[in-house]
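Please look at the strand pairing and the charged surface in the entry below. My notes follow as numbered points.

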Amino acid sequence: MTLYEAKKGESYRIEGLFVEPGITRRLQALGLNDGTVVNIINRKKRGALIIRVRGTRLALGKHISSNIEITEQDSRSATEEKHEERNGDKK
């Protein structure tokens, strides 16, 4: 599934960035890396997608969002996952 197909109000995990190398580097610098959780805030009429990633809102055009592969985020919160990573726990 691509980020462009995501539903408003849902959370997803980034699985891969499949855009030009320069755009990929910029997205990674903004925090869009494999495994990062993003929340879909809004969808604009002309294809733009507004997301929240690591506390920052970003707007992505259709070309970029349709080339980012995602999976649905499970019911555990990102805070729980960070706590588990720090403590070496797994549920």
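1. Strands β3 and β4 (residues 56-60) run antiparallel and are joined by 5 bridges. Strands here are DSSP runs of E of at least two residues, helices are runs of H or I of at least four, and both are numbered from the N terminus; two strands pair if DSSP finds at least two bridges between them. Across this pairing, I50 stands opposite A59 in β4.

2. On provenance: this is a predicted model, in which local features need pLDDT of at least 70 and side-chain atom pairs count only at pLDDT 80 or more, while totals for chains, interfaces and linings use all residues. Residues are numbered from 1 along each chain as its sequence is written, and side-chain values use heavy atoms, with hydrogens and water left out.

3. Most residues other than glycine have a negative phi. R54 is exposed, with a relative accessible area of 59% (buried means under 20%, exposed over 50%, partly exposed in between; 1.4 Å probe, protein chains only).

4. β3 also pairs with β2, in the antiparallel sense and over 5 bridges. The bridge partner of N39 in β3 is R52. This pair too is a hairpin, with 5 residues between the strands, and G47 in the turn has a positive phi of about 105 degrees.

5. How enclosed is β3 by the rest of the structure? Of its 5 residues, 4 are buried, so β3 is largely enclosed. For the protein chain of 91 residues, 32% count as buried.

6. K8, K44, R52 and R57 form a positive surface patch. Patch members have over 30% relative accessible area and no salt bridge; like charges are joined within 9 Å, and nonpolar side chains (Val, Leu, Ile, Met, Phe, Trp, Tyr) within 5 Å. A salt bridge is a side-chain nitrogen of Lys or Arg within 4 Å of a carboxyl oxygen of Asp or Glu. Areas come from the Shrake-Rupley method with a 1.4 Å probe.

7. For orientation, the protein chain has 3 helices and 5 strands, arranged along the sequence as β-α-β-β-β-α-β-α.

Key:
Lys, Arg positive; Asp, Glu negative; His and termini not counted. Charge placed at Lys NZ, Arg CZ, Asp CG, Glu CD.
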